[in-house]
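Subject: Structure handover

Hello,

Here is the structure I said I would pass on.

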Amino acid sequence: MKAAVNTEYGPPEVVRVVDVPTPTPKDNEVLVKVHATTVNRTDCGFRAAKPFFVRAFTGLARPRVRILGNEFAGQVEALGPGVMSFAVGDRVFGYDDTACGAHAQYLTIREGASLAQIPANLTYAEAAPATEGSHYALAGIEKTKIRAGQRVLVNGATGAIGSAAVQLLASRGVHVTAVCDTTNLELALRLGAGRVIDHTVEDFTQDVQTYDVVFDAVGKSSFGQCRRLLEPRGVYLSSDLGPGAQNPFLALVSPVLPGKSVLFPFPRHDQAMMNYFKDLLESGLFRPVIDRSYPLGDIVEAYRYVETGQKIGNVVIMVEHGD
Ligand SMILES: NC(=O)c1ccc[n+]([C@@H]2O[C@H](COP(=O)([O-])OP(=O)(O)OC[C@H]3O[C@@H](n4cnc5c(N)ncnc54)[C@H](OP(=O)(O)O)[C@@H]3O)[C@@H](O)[C@H]2O)c1
């Protein structure tokens, strides 16, 4: 099969599309014929080993995982002998940030892992980007215990995490203020924001409104800058380490102090999460935003684009099979 392989850490050019053996499903695994996947910020971090400490998980000198790609949509092609809950031909989408392997024509995954049927109203390209950004968004949202009627400001509302966060919050009846640039104000409103702030003309940290949660989904602010925007027991939530890598530390100390606090959640994922996303996708309350797509053969270009930090939502990779 064809796969995008990187045997060393480095810039996008370390990735080469080559022929590798097709994996064989073990007892409780399914073999998925991948039709669509994404290049996202996690792939970029793993490929470049940035920040440096990711090597503790991905391999000290060289990458242990040589085929990246953590989210995918495709068709079940074969089953291990013990598989009970999927059948050959099922249209599935899933997430695996440990073994990865979705930048390839085929991957194997445990039937009990983060895998679910694709709702009939979605294409492979629409289903593939439904998990990476959204599971970071969901983990943060759930950790804040935000309720319907409360107010959240989302900075970076047009990124993969931010665009999912706006939709997930709106689906829960939360009032969302989205921060994005001029060209995406309409998009943010369509995603469910009730109010938008154009960061090219206005500094959102000077907003007069206060919020129960400020969610920095793009790592461009700090707790210090946003403190005054928060209600007395408000929460600053970030998906990023922060400008001085301070967020994990603040998340440890601030909850034990009275008043405003910082959250830097470590997301988990399982089949219950997949089914939650499946239901939202089915009902139309959540639709991943797609910026552009590339064929697998142009994955290096896709990496270069994602690393501009300017993608809108998600970058999809279409995996061709020639059949
Ligand atoms: N915790 C983790 O393990 C983990 C995993 C994945 C990602 N992350 C981090 O989470 C953050 C978001 O990831 P992502 O994949 O959602 O990012 P992304 O999709 O690459 O974000 C790009 C978006 O951010 C917006 N943006 C750029 N600069 C901005 C600014 N100054 N103010 C407001 N919006 C701005 C851009 O829109 P404009 O046109 O408005 O500029 C663009 O739409 C990143 O910092 C990433 O490193 C963390």
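Which element gives the most to the lining of the largest cavity? Helix H5 does, with four residues. (Helices are DSSP runs of H or I with at least four residues, numbered from the N terminus; a cavity is a set of points on a 1 Å grid over the protein atoms alone where a 1.4 Å probe fits but cannot get out, and lining residues have an atom within 4 Å of a point.)

This is a predicted model, in which local features need pLDDT of at least 70 and side-chain atom pairs count only at pLDDT 80 or more, while totals for chains, interfaces and linings use all residues. Residues are numbered from 1 along each chain as its sequence is written, and side-chain values use heavy atoms, without hydrogens or water.

The largest cavity has a volume of about 40 Å³, volume being the space filled by probe spheres set on grid points that are joined across faces, edges and corners. Its lining includes Ala160, Ser163, Ala164 and Gln167, along with Phe286 and Arg287.

H5 is mostly covered, with 10 of its 12 residues buried (under 20% relative accessible area, 1.4 Å probe, protein chains only). H5 also gives six residues, the most of any element, to the largest nonpolar core, which has 46 residues. Such a core is a set of buried Ala, Val, Leu, Ile, Met, Phe, Trp, Tyr and Cys residues joined through side-chain atoms within 4.5 Å. After H5 comes Gly173, with a positive phi near 75°.

Regards

Key. Buried means under 20% relative accessible area, exposed over 50%, partly exposed in between (1.4 Å probe, protein chains only). Helices (H or I, at least four residues) and strands (E, at least two) are DSSP runs, numbered from the N terminus. On a 1 Å grid over the protein atoms alone, a cavity is a set of points where a 1.4 Å probe fits but cannot get out, and a pocket is an open set with protein on both sides within 12 Å along at least five of seven lines; lining residues have an atom within 4 Å of a point.
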